[in-house]
Amino acid sequence: MALSIESAQNIFSNTQVPSPIPATIALFDQLGVDDQLAYLWYAYTEMGKTITPAAPGVARLQLAEGLLNQIKQMSQEEQTQVMRELANRADSPISRSYGFFSVNTKLAFWYELGELMKQGVVTPIPSGYQMSPGVKVVLEATQKLDAGQQITVLRNTVVDMGFDTSALGPSSSKAAAEPAFKRSAPAITSVKIEGITEPAVLGYIEAMNADKFDAAIALFTTDGALQPPFQKPIIGHEAIAKYMREEAQGLNMMPQQGICEVLPDGSKQLKVTGVVQTPWFGVTVGMNIAWRFLINPQGKIFFVAIDMLASPQELMNLRRV
Ligand code: EQ3
């Protein structure tokens, strides 16, 4: 039987527990724009050191720097206005430029802006701002999340800001070409996963831990797909390669255990759980995740989904109930 992405998306679905991350983002989305900016400021500055990223070891960031320099020249009111436009996804020149940034450039832009806010160069909260009770609700919901989930909420809110440029064609090649991180030595040198011997899975983790994206992609079928957390599947070698170059640099993947089931046609489904670190936070924050692989009878990856786990207990939750 031919493998399909739709059926692959459902493998091990009965072992999955709904994540609290989308619920927290839905609460955030209901806030007014000034409340959203204030929430981000409080969440970022008051939730302790764990969710404050280390200064990004960024090699080139000209795209964000141009915008930051413009903002530095502005009056306080204009600075506030720009931030409102970004949070509102308005169609304004700065919000459009931001919309074309890669994920890491967006994060680096706000990281630098946050530093300027801490130095008092840029105003963090609009003057005369009165906090609505809704902000407290979202902050309380955020406090209940573990650090890995908190940084995912922050990341996703930042990524969703700015004018939606998807209808305007592919992002400029400049944005995609901006490298963000120098890779630190991999946390693990040889990949061992309890319960897993599948070469494609071990090879995938090894290649990803060295930023060898071409080697990782060679393990996929040509029509293979990768589904990042809370996103639709990205299909085909070219699209996966572009995504990995933009978003998977410098990640440290530490899979711990897994299970493998052989299907009647010789394909295999595997679920592996473990911890992933992002270069933004290094060893300070570990994200508990699951990889769900579907491997074809020839040993190639047809599908892999990456899921954020709802709790650390889920790292052990591999069996069907
Ligand atoms: C200035 C301030 C504070 C206030 C202002 O009002 C508004 C804003 C927005 C502010 C600034 C906020 C800032 C600076 C937020 C910064 C947040 C950061 C740096 C978040 C980074 C998060 C990174 C995450 C969650 C990375 C997760 C990566 C994962 C799970 C990778 C998974 C993958 C695996 C395992 C694969 O096998 C394939 C690839 C893939 C990438 C999917």
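In the predicted model, Ala225 is buried, with a relative accessible area of 0%. This residue belongs to strand β1, which spans residues 220-227. When neighbours within four places in sequence are set aside, Ala225 is in contact with Ile5, Phe220, Pro233, Ile234, Ile235, Ile240, Phe302, Phe303 and Val304. The C-alpha atom of Ala225 is separated by 27 Å from that of Gln150, a residue 75 positions away along the chain. Another pair of residues, Ala23 and Ala141, lies 118 residues apart along the chain, with a separation of 9.0 Å between the C-alpha atoms. Ala23 is placed in helix α2 and, at 47% relative accessibility, counts as partly exposed.

For the protein chain as a whole, the secondary structure comes to 13 helices and six strands. Of the 321 residues in the chain, 50% are buried, and the chain exposes about 15,000 Å², of which carbon and sulfur atoms supply 55%. Among the contacts between residues at least 6 apart in sequence, 70% join residues that are at least 24 apart.

Helix α11, residues 199-208, is mostly covered, with seven of its 10 residues buried. The buried positions in α11 are Ala200, Val201, Leu202, Tyr204, Ile205, Ala207 and Met208. Tyr204 is also among the residues closest to the ligand, together with Leu37, Tyr44, Trp110 and Trp291.

The ligand is surrounded by 28 residues, which divide into 23 nonpolar, three polar and two charged. Several elements contribute to this shell, and at least two residues each are supplied by α3 (33-46), α7 (103-118), α9 (147-160), α13 (237-247) and β5 (287-295). The largest share, five residues, comes from α7. With regard to polar atoms, a polar side-chain atom of Tyr204 lies 2.6 Å from an oxygen atom of the ligand, while for Trp291 a polar side-chain atom is found 3.0 Å from an oxygen atom of the ligand. In the case of Leu37, a backbone N or O atom is placed 3.0 Å from an oxygen atom of the ligand. The protein covers 97% of the 990 Å² of accessible area that the ligand has on its own.

Side chains of opposite charge can pair when their charged atoms come close, and the structure holds eight salt bridges. One of these joins Asp34 and Arg84, with the closest N and O atoms 2.7 Å apart. Because Asp34 lies in helix α3 and Arg84 in helix α5 (residues 76-87), the pair ties together parts that are 50 residues apart in sequence. Arg84 has a relative accessibility of 25% and thus counts as partly exposed.

A further salt bridge is formed by the side chains of Arg155 and Glu247, at an N to O distance of 2.6 Å. Here Arg155 lies in helix α9 and Glu247 in helix α13, so the pair ties together parts that are 92 residues apart in sequence. Arg155 is partly exposed, its relative accessible area being 24%.

Glu140 counts as partly exposed at 39% relative accessibility, whereas Lys136 is exposed, with a relative accessible area of 52%.

The side chain of Thr15 reaches the backbone oxygen of Phe12 at 2.7 Å. Thr15 is buried, with a relative accessible area of 2%.

Methods. Residues numbered from 1 in each chain as written. Predicted model: local features only at pLDDT ≥ 70, side-chain atom pairs only at ≥ 80, totals over all residues. Heavy atoms only, no water. Near = heavy atom within 4 Å. Polar contact = N/O pair within 3.5 Å; in protein donor to acceptor, adjacent residues only side chain to side chain. Areas by Shrake-Rupley, 256 points an atom, 1.4 Å probe, with all protein chains shown as cover. Helix = DSSP H or I, 4+ residues; strand = E, 2+ residues; numbered from the N terminus. Nonpolar A, V, L, I, M, F, W, Y, C, P; charged D, E, K, R; others polar. Buried < 20%, exposed > 50% of the residue type's maximum accessible area, 1.4 Å probe, protein only. Contact = heavy atoms within 4.5 Å. Salt bridge = Lys/Arg side-chain N within 4 Å of Asp/Glu carboxyl O.
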